[in-house]
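Biologist: I am new to this structure. Please take me through one part of it closely, and then show me what else can be described.

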Amino acid sequence: HYKIPVLYYISPQIWAWKAGRIKTIKANVDHMAVILPFEKSIYEKAGVPVNYVGHPLAHHLNFHADKIKLRQILNLPSDKKIIALLPGSRKNEIERLMPVLVETMQLLLKKHPDLHFAIPVAGSINSSAITQYLPSTPLPLHLFNQQAREVIAASDCVVVASGTASLECALLTIPGCIIYKASALTAWVARKVIKISWLGLANIIAQKTLMPELLQNECNAVAISQKISSMLS
């Protein structure tokens with residue numbers, strides 16, 4: 001009840017689920033500062049004062065990164081195609097996605113033996129969370145302590161878990177596909193409550209499929225390797 005003006009920076013995802021929250025926002029917020037372009041019209045229609053201020057990622061990425069120089073800095077081979085793999089930053093994401101990504105690497109190498117893989121390990125997990133899934137037969141693979149942006153920018157293609165990293169890939173104009181696996185219950189609930197056609201932020205913003213999305217049963221090594229193989233060729 002204090003007469004303090006409230007500026008709300010970065011909107012909750014009312015466009016995806018619980019759209020009714022906009023009534024609470026209207027009652028308690030004086031001005032919205034939104035980071036996704038389509039959010040502005042949502043608040044305007046509800047009569048909430050709003051400005052679109054742009055996404056912070058767009059101001060922090062080097063859109064003209066020198067691939068050759070980056071590969072030298074990261075000690076990645078300059079004569080191979082580099083595939084960046086980003087399996088997420090949470091333990092449950094790693095558990096569901098790393099076995100699929102290991103099989104994907106093995107399938108891709110059969111068709112493209114000149115590939116090299118790079119995994120930037122998120123700061124929220126230990127590298128052992130990744131390495132425990134690697135086979136005894138060595139793969140052409142580098143692990144990095146974070147450095148996701150540099151690894152993405154140095155790559156030819158990406159396989160990325162849905163989240164902010166997928167938007168970074170699109171902003172850096174690196175082709176690839178978005179993957180995700182949730183528990184059966186979570187996926188069932190999501191289908192009931194989420195009102196949008198895509199999961200990846202780049203696709204939601206563009207309102208079209210810029211990056212193919214392979215989710216749940218479609219998130220398998222055969223499907224992912226086929227998508228990446230077609231992009232490579």
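Modeller: Start at Val-34, which stands opposite Tyr-52 in β3. The model is a predicted one. Val-34 lies in strand β2, residues 31–34. Strands β2 and β3 pair in the parallel sense, over 3 bridges. Now widen the view. The sheet is open and has 3 strands, in the order β1-β2-β3. Its pairing is parallel. Which strands stand at the edges? They are β1, residues 7–9, and β3, residues 50–52. Each has a single partner strand, so one side of each is left without a neighbour in the sheet. From one strand to the next, the twist averages 15 degrees.

Next, turn to a pair of helices. Helix α4 covers residues 91–111, and helix α10 covers residues 221–232. Their axes come within 8 Å and cross at roughly 45 degrees. An angle under 35 degrees would count as roughly parallel, and 65 to 115 as roughly perpendicular. The two helices, α4 and α10, are therefore oblique to each other. Their crossing is right-handed.

Which residues meet there? From α4 come Val-100, Glu-103, Thr-104, Leu-107, Leu-108 and Lys-111. From α10 come Ala-221, Val-222, Ile-224, Ser-225, Ile-228 and Ser-229. By type, the residues of this contact between α4 and α10 divide into 7 nonpolar, 3 polar and 2 charged.

Note on methods. Residues are numbered from 1 along each chain as its sequence is written. This is a predicted model: local features need pLDDT of at least 70, side-chain atom pairs count only at pLDDT 80 or more; totals for chains, interfaces and linings use all residues. Side-chain values use heavy atoms; hydrogens and water are left out. Axes are lines fitted to C-alpha atoms, for helices over the stretch in contact, and angles run from 0 to 180 degrees between N-to-C directions. Helices (H or I, at least four residues) and strands (E, at least two) are DSSP runs, numbered from the N terminus. Angles under 35 degrees count as roughly parallel, over 145 as roughly antiparallel, 65 to 115 as roughly perpendicular and the rest as oblique. A crossing is left-handed if the near helix is turned anticlockwise from the far one by less than a right angle, and right-handed if clockwise. Contact means heavy atoms within 4.5 Å. Ala, Val, Leu, Ile, Met, Phe, Trp, Tyr, Cys and Pro count as nonpolar, Asp, Glu, Lys and Arg as charged, and the others, Gly among them, as polar. Two strands pair if DSSP finds at least two bridges between them.
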